[in-house]
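Please examine the structure shown below. The report that follows treats a pocket, a ligand and some points of backbone geometry.

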Amino acid sequence: MQEQIEKIGEAALADLKEIGESASLQAWKVQYLGRSAALSKILDNMGDLTKEERPIVGRKVNELKNTLQEAFAVRGAALREESIQKSLLSEKVDITLPGRELNRGRLHPATQTLRKIYSIWADMGFQIFRSREVELDEYNFELLNMPEHHPARDMWDTFHTTTPGVILRTHTSPGQIHVMRARAPEPIRVILPGMCYRYEQITSRAEIQFNQVEGLAVGRSITFADLKGTLTSFARRMFDQNVGTRFRAQHFPFTEPSAEMDIECFICGGQGCSVCKYTGWLEILGCGMVHPTVLENGGYDPAEFSGFAFGMGPERITMLLHQIDDIRAFWKNDWRFLEQF
Ligand code: DAH
């Protein structure tokens with residue numbers, strides 16, 4: 001019996017030496033010190049032993065139990081220490097390594113210009129009104145005073161869809177009709193920004209898609225002087241506090257009278273250079289007093305109401321501001337271009 005106890009002890013200690021992780025350590029404890037371990041069984045069966053043997057075996061078993069308990073605690077502490085050392089080694093931080101730079105994102109140049117335009121008009125009390133990009137011919141042309149076969153339609157080369165009468169808007173002006181019909185007879189001060197599409201040959205100066213920012217003010221007794229003053233204020237905020245402006249007569253079917261606003265060339269200060277093609281002026285936008293027919297189509301009585309409207313191209317303005325000579329750069333997504341802004 002005593003020999004058996006010694007064997008159990010030897011086997012237990014030999015096993016313990018081999019253990020390398022705490023899960024196996026727990027299993028070892030169950031095997032040698034648990035309720036159904038060989039040692040416990042010996043104690044359970046003490047009744048089978050002689051009177052003389054009992055105290056000797058009892059003492060032996062208890063001694064061994066204590067020894068194993070102690071060995072278990074020592075091995076457990078060693079394993080914990082080992083795992084701490086391991087993680088200290090593998091998680092070492094080398095603070096002398098150079099930093100890894102993150103690429104900082106930025107807004108697209110057209111978006112930057114758009115946001116500046118929004119904030120200037122917001123400061124003057126103009127709300128943003130979003131109008132649809134897929135539009136009816138009726139809104140894009142007819143209601144803007146260009147009935148079918150009107151020669152002015154040729155100014156806008158149009159993308160047609162397979163559904164007759166449904167087109168991609170060629171300008172943001174159809175939004176004027178939408179906002180008027182939504183608001184009549186309340187006064188209106190809105191800008192209508194968004195993508196426009198034209199069926200054009202793509203060149204350095206022409207794209208098939210581009211943004212426009214339309215503007216519309218409708219109310220009682222709005223005059224051409226309001227148009228000139230408001231657009232001049234805009235130009236000063238957008239370009240330079242001292243920029244010179246001029247209004248040139250122009251024709252648009254949806255405004256009467258119509259004009260284009262130029263600003264003094266900010267590259268050469270009006271002296272003449274390649275950017276302003278030696279005229280000293282840069283064309284910025286088209287504008288005019290809303291045509292009575294258009295007011296009526298929007299639900300306003302032209303005898304009582306008047307208004308002004310304008311339309312500008314933020315990409316064109318961005319090109320002038322940064323002297324970008326190819327409009328195709330805007331939608332190419334070449335980061336060598338984009339990262340400059
Ligand atoms: N819709 C015109 C275009 O695409 C721009 C324009 C001119 C808009 C005069 C207007 C305006 O609102 O009054 O070329």
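## The largest pocket

In this predicted model, the largest pocket holds about 1,300 Å³ of space. Its lining is made up of 50 residues, and those nearest the centre of the pocket are Arg205, Glu283, Ile284, Gly313 and Arg316. Several elements give two or more residues each to this lining: the strands E5 (209-219), E6 (245-250), E7 (255-264), E8 (281-290) and E9 (306-312), together with helix H10 (314-322). Strand E8 provides the largest share, with 7 residues.

By class, the lining of the largest pocket comprises 21 nonpolar, 14 polar and 15 charged residues.

## The ligand and its shell

The elements contributing two or more residues to the shell around the ligand are E5, E8 and E9.

The shell around the ligand consists of 16 residues, of which His171, Ser173, Arg198, Gln212 and Glu214 are the closest. Divided by class, the shell has 6 nonpolar, 8 polar and 2 charged residues.

Which side chains place polar atoms 2.9 Å from a nitrogen atom of the ligand? In His171, an N or O atom of the side chain is 2.9 Å from a ligand nitrogen. In Ser173, a polar side-chain atom likewise lies 2.9 Å from a nitrogen atom of the ligand. Arg198 faces an oxygen atom of the ligand instead, with a polar side-chain atom 3.0 Å from that oxygen.

The ligand taken alone exposes 350 Å², and the protein buries 92% of this area.

## Backbone geometry

One runs from Ala184 to Pro185 and has omega near 0°; Pro185 is located in the loop between helix H7 (174-183) and strand E4 (188-197). Another joins Glu256 to Pro257, with omega near -5°.

Lys277 occurs in the loop between E7 and E8, and strand E8 is the element with the largest share of the pocket lining.

Notes:
Residues are numbered from 1 along each chain as its sequence is written. This is a predicted model: local features need pLDDT of at least 70, side-chain atom pairs count only at pLDDT 80 or more; totals for chains, interfaces and linings use all residues. Side-chain values use heavy atoms; hydrogens and water are left out. On a 1 Å grid over the protein atoms alone, a cavity is a set of points where a 1.4 Å probe fits but cannot get out, and a pocket is an open set with protein on both sides within 12 Å along at least five of seven lines; lining residues have an atom within 4 Å of a point. Grid points are joined across faces, edges and corners, and a volume is the space filled by probe spheres set on the points. Helices (H or I, at least four residues) and strands (E, at least two) are DSSP runs, numbered from the N terminus. Ala, Val, Leu, Ile, Met, Phe, Trp, Tyr, Cys and Pro count as nonpolar, Asp, Glu, Lys and Arg as charged, and the others, Gly among them, as polar. A residue is near a molecule or strand if one of its heavy atoms lies within 4 Å of it. A polar contact is a pair of N or O atoms within 3.5 Å; within protein, one must be able to donate a hydrogen and the other to accept it, and residues adjacent in sequence count only if both atoms are side-chain atoms. Accessible areas come from the Shrake-Rupley method with a 1.4 Å probe; for residues, only the protein chains shown count as cover.
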